[in-house]
Amino acid sequence: MSWPQLRSRFPVLERVAYLNAGTFGPLSRATLDAERELRAWEGENGRGGKTYFEAMLERRERVRALIAEQIRVPAGHVSLTDSTTGAVQTVVAGLGLSARDEVVTTDAEHFGLFGPLAASGVPLRIARVRDAAAAEVFELIRGQVTPKTTLIATSAVSWIDGKVFPWRELREATGVPVLIDGAQAAGAVDEDASAADYYTVSAQKWLCGPDATGALYVREPEALAPRLIAYPSAASYDISEGVWEPKPGAARFDRTFTPATALAGLEAALVDLPAGRHERARQLAERCRELLLERGHDVVTEAGQATLVSFRPPGDPAAAVAQLYEQGVVVRDLPGTGLVRASVGWWNDESDLERLADGLGDL
């Protein structure tokens, strides 16, 4: 199937240049149809009955396996979550981080990672990498690691400018466990998360799933205490005896029953994905960067990074984004940075990039 045919899976692209998968990916017809069909069935038959619940539980395991496939890890090491924030909270609580510990992170993290760390009260050592070149990031982060460091918590790809962080090299060089925010990597780049101790997935972004879907990979599930748990976490329990038994593997960290319709939509998004999609996204992102530079725009994303391209627009970033939206170009501003961010996926094409460049020329 050709790229134009594959692009036609996403109805939004018939109208607009959609360049915002770093926030929400475009929804395919298959995802929309799966959600609509199951919701209609629920409306007519109710959300109950043995067949209904068995189908939901079976779909959970299929989705677990599909997400695991996207980041090249065993399905039994994947927990289903509702967000990266929730996944980070699971890790922070399970590790029991306290003032006796120390975590190294960076000044380029999304609040979804930083927030739970800060709220835990654990001392943080913050590497100043936001304005650094990609080649400098390794040394800047490693330079913050001390004998007290119990965890390195950082992104796989910076949400600010698409910078690729060398987390595998940091894990190998320091021996310190790593918690990786994979929100801007999983589905965007060809990612192998198996070297991480903990790796989060936001499925509503580059995997084009419904809202509030995601995952957490745990390399050694039995070594992390299940503290933030829910009914799906338990293999069994006895209230009269005050005991419970967690499920085997990372399913012990499942904190919610993802709505059945969202599961159906996510499953539809994760099947029949085209070969070569990551390389195509990388090439399109590089072309976006080149095109903006050719038009004289102040691009801050370096060459050879991931699929986010950030730049300083003429005038106010929020106003620029609003004007681009009126012209059928969907990007976002990053508050407090002066930047606008374009998220380039395999579903995009040259026409989307041209519309962005042309729209900026009209500001």
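Arg 312 of β12 is the bridge partner of Asp 298. Strands here are DSSP runs of E with at least two residues, helices are runs of H or I with at least four residues, and both are numbered from the N terminus. This is a predicted model, in which local features need pLDDT of at least 70 and side-chain atom pairs count only at pLDDT 80 or more, while totals for chains, interfaces and linings use all residues. Residues are numbered from 1 along each chain as its sequence is written, and side-chain values use heavy atoms, with hydrogens and water left out.

Strand β11 (residues 298-299) pairs with β12 in the antiparallel sense over two bridges; two strands count as paired if DSSP finds at least two bridges between them. Strands β12 and β15 also run antiparallel, joined by four bridges, and Val 309 stands opposite Ala 342 in β15. Strand β12 (residues 308-312) is mostly covered, with four of its five residues buried. Buried means under 20% relative accessible area, exposed over 50%, and partly exposed in between (1.4 Å probe, protein chains only).

## Helix α10

Helix α10 (residues 317-326) has the buried residues Pro 317, Ala 320, Val 321 and Leu 324. Seen down the helix axis, these buried residues fall within an arc of 100°, so they line one face of α10. The arc is taken from the directions that lead from the helix axis to the C-beta atoms. Their cover includes β13 (329-330), β14 (332-334), β15 (339-343) and α11 (350-361).

At the start of α10, a side-chain oxygen of Asp 316 comes to within 3.3 Å of the backbone nitrogen of Ala 318. Just after the helix, Gly 328 takes a positive phi of about 85°.

## The seven-stranded sheet

An open sheet of seven strands, with mixed pairing, has the order β2-β8-β7-β6-β5-β3-β4. Strands β2 (78-81) and β4 (124-127) stand at the edges with a single partner strand each, so one side of each is left without a neighbour in the sheet. From one strand to the next, the twist averages 20°.

Strand β6 (residues 178-181) runs parallel to β7, and three bridges join them. Helix α5 (residues 111-120) packs on the sheet, where it touches β3 (103-106), β4, β5 (151-155) and β6, and its direction makes about 150° with that of β5. Helix α7 (residues 167-174) also packs on the sheet, touching β5, β6 and β7, at about 170° to the direction of β5. Contact means heavy atoms within 4.5 Å; axes are lines fitted to C-alpha atoms, for helices over the stretch in contact, and angles run from 0 to 180 degrees between N-to-C directions.

## Thr 200 in strand β7

Thr 200 is found in strand β7 (residues 198-202), and Asp 181 has Thr 200 as its bridge partner. Thr 200 counts as buried because its relative accessibility is 0%.

A polar contact of 3.1 Å joins the side chains of Thr 200 and Thr 84. Such a contact is a pair of N or O atoms within 3.5 Å; within protein, one must be able to donate a hydrogen and the other to accept it, and residues adjacent in sequence count only if both atoms are side-chain atoms.

## Nonpolar cores

The largest nonpolar core has 49 residues, of which Ile 67, Ile 71, Ile 141, Tyr 199 and Val 201 touch the most other members. A nonpolar core is a set of buried Ala, Val, Leu, Ile, Met, Phe, Trp, Tyr and Cys residues joined through side-chain atoms within 4.5 Å. Helix α3 (residues 50-71) gives the largest share of this core, seven residues. A second, separate core of 21 residues includes Leu 291, Leu 292, Val 299 and Val 329.
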